[in-house]
Amino acid sequence: MSTPDSTAALDFTPASGAAPFPRMVLAQAGAEVRAMLRNGEQLLLTLIIPVLLLAGFSLAPLIDVGGGSRVDFLVPGVLALAVMSTAFTGQAIATGFERRYGVLKRLGATPLSRGGLMLAKTAAVAGVEVLQAVIIVVVGLALGWRPQGSFLSAALLIVLGTAAFSGLGLLMAGVLRAEATLAAANLVYLVLLGVGGVVFPLSKFPAGMRPVLEALPISALTGGLRAVLAQGAALPLVPVAVLICWAVLSLGLVSRLFRWE
């Protein structure tokens, strides 16, 4: 007597069609986050340098913040630096080399559209920024930081800063060669760290330079976060306007000039 084949009812044929769009975006975003956190240089930029700057300048009297607590002055600036390191520097370098080696071209040809790929990259940046913010806030609280204002206003500033810096990073990665992007992104990072009000108050610079420095995205984000979290102010409109202008300009240029290969 023959026995029925137990595998006859099983269908191993792959399902037709692509996975749902949100699932594809989340899967790609997860891959992007894992790649960022496994890369030693990215980890140095996104987590180690900001935390070291916060702890070092808070504990040692290396800078004159013009009165008040050093840690209260530094935490907003380090949060802004973390946004810049992830959304601009890290994303520009990673995307530039993905473009050079044809990764972007191949990914753009998959069922995940080019728009979906950019959305996944944005989601990955946001995910890493959440991790950065948690670590910086915990370290700041341990060092005696006492935030004064609305975290909702701070979150809105961070979102606008992320949009501005992402646009600038993608613009650089989509126009320059990968090696030029690597050099330029690191140079811009160091320059903006020094002149963007992150660890040195803008009041220490010559009066003629301040209007130019205040128009930089890092200065707007740092100043806005400092006004909210250190001074308990309402959402500052000038930094918001500066960040919106940078975001609209940079993302608009990305849509026109970004080259996938």
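Predicted model: local features only at pLDDT ≥ 70, side-chain atom pairs only at ≥ 80, totals over all residues.

Reader: OK, and at what angle do α9 and α10 pack?

Author: About 145 degrees, and their axes lie 9 Å apart.

Reader: Is the crossing of α9 and α10 left-handed or right-handed?

Author: Left-handed.

Reader: Let's go to the core. Which residues in the largest nonpolar core touch the most other members?

Author: Those are Met84, Phe165, Ile218, Leu221 and Leu225, in a core of 53 residues. At least two core residues come from each of α2 (40-59), α3 (70-100), α5 (114-142), α6, α7 (178-195), α9 (217-229) and α10 (237-257). The most come from α3, which gives 15 residues.

Reader: And what does Leu225 touch, leaving out residues up to four places away in sequence?

Author: Leu225 is in contact with Pro76, Leu79 and Ala80, with Ala154, Leu157 and Ile158, and with Ala230.

Reader: Switching topic: where does Gln132 sit?

Author: Gln132 is in helix α5.

Reader: Buried or exposed, that Gln132?

Author: Buried, because its relative accessibility is 1% and the cut-off for buried is under 20%.

Reader: So what does the Gln132 side chain reach?

Author: The backbone oxygen of Thr46, at 2.5 Å. Beyond four places in sequence, Gln132 touches Thr46 and Leu47, plus Ala82, Ser85 and Thr86.

Reader: While we're on α5, how many residues does it have?

Author: α5 has 29 residues, and from first C-alpha to last it reaches 42 Å, close to the 42 Å expected at 1.5 Å a residue. Just after α5 comes Gly144, with a positive phi of about 105 degrees.

Reader: What about α6, how far apart are its end C-alpha atoms?

Author: They are 36 Å apart. Helix α6 covers residues 151-175, so at 1.5 Å a residue its 25 residues should span 36 Å, and the two values agree.

Reader: Last one: what does a side-chain oxygen of Ser150 reach at the start of α6?

Author: The backbone nitrogen of Leu152, to within 3.2 Å.

Conventions:
Residues numbered from 1 in each chain as written. Heavy atoms only, no water. Helix = DSSP H or I, 4+ residues; strand = E, 2+ residues; numbered from the N terminus. Expected span 1.5 Å × (residues − 1). Polar contact = N/O pair within 3.5 Å; in protein donor to acceptor, adjacent residues only side chain to side chain. Core = buried A, V, L, I, M, F, W, Y, C linked by side-chain atoms within 4.5 Å. Buried < 20%, exposed > 50% of the residue type's maximum accessible area, 1.4 Å probe, protein only. Contact = heavy atoms within 4.5 Å. Axes fitted to C-alpha atoms, helices over the stretch in contact; angles between N-to-C directions. Left-handed = near helix turned anticlockwise from the far one by under 90°.
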